[in-house]
Amino acid sequence: MAKLVICDHPLIQHKLTFIRDVQTNTKDFRELVDEVATLMAYEITRDIPLESIPVETPVIKTEGKVISGRMLGLIPILRAGLGMLDGVLKLLPAAKVGHVGLFRDPETFQPVEYYVKLPTDVQERELIVIDPMLATGGSAIAAIDVLKKRGCTQIKMMNLIAAPEGVKAVQDAHPDVDIYVAALDEKLDEHGYIVPGLGDAGDRLYGTK
């Protein structure tokens, strides 16, 4: 079974409190999400392998560590996933970016695919699927399905907050995909929203209703 990693660094938890706050305006919300994404990128890349290379310091020749040829890909789920993308790219500027467009049907809560554009070498990359919310799990499962149908085998999931129901759904559907979250919340309500949650991440990022 894939692991669930809660990124509980004090800076992440501090910023997440203000992300949740209904009084936080669009500008501050966007900046906080960006900052938390950067901090989470630090955690999600912790197990990237390293190799030694020679390096000459001003004092002596020695060996240093560099990332061992690992190619990464970032796959934000449109549109809310874009709010976390730049924050991750700050630490992983060489990563290629693909996009999966999904929206949730308000009646069935099921994801509807409307756009997919991926790097040509996506099968060779370790991929991080990015979405602020892991609620029912439908969008995450659909996005991972899209990638696996195209031959991708190395996939991780990054979310700001998740509901237990969504985590279980993704783990049941894709037991090989590790999930990284800033917080595991209490539950889903009758409308499929995470409780206590932070509202609709896309609306709060872009000032829409």
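This is a predicted model: local features need pLDDT of at least 70, side-chain atom pairs count only at pLDDT 80 or more; totals for chains, interfaces and linings use all residues.
Student: Where does Cys7 lie?
Tutor: In the loop between strand 1 (4–6) and helix 1 (10–20). Helices (H or I, at least four residues) and strands (E, at least two) are DSSP runs, numbered from the N terminus.

Student: Is Cys7 buried or exposed?
Tutor: Cys7 counts as buried, because its relative accessibility is 3%. Buried means under 20% relative accessible area, exposed over 50%, partly exposed in between (1.4 Å probe, protein chains only).

Student: What does Cys7 touch?
Tutor: Leaving aside residues up to four places away in sequence, Cys7 touches Ile12, Gln13, Met40, Glu43, Tyr180, Val181 and Ala182. Contact means heavy atoms within 4.5 Å.

Student: Now helix 1. Which residues are buried there?
Tutor: Ile12, Lys15, Leu16 and Ile19. They fall within an arc of 110° seen down the axis, so they line one face of helix 1. The arc is that of the directions from the helix axis to the C-beta atoms.

Student: Why would spaced residues point the same way?
Tutor: An α-helix has 3.6 residues a turn, so residues three or four places apart do.

Student: What covers that buried set of helix 1?
Tutor: The cover includes helix 2 (26–44), strand 10 (155–162), strand 11 (178–184) and helix 6 (201–206).

Terms used. Residues are numbered from 1 along each chain as its sequence is written. Side-chain values use heavy atoms; hydrogens and water are left out.
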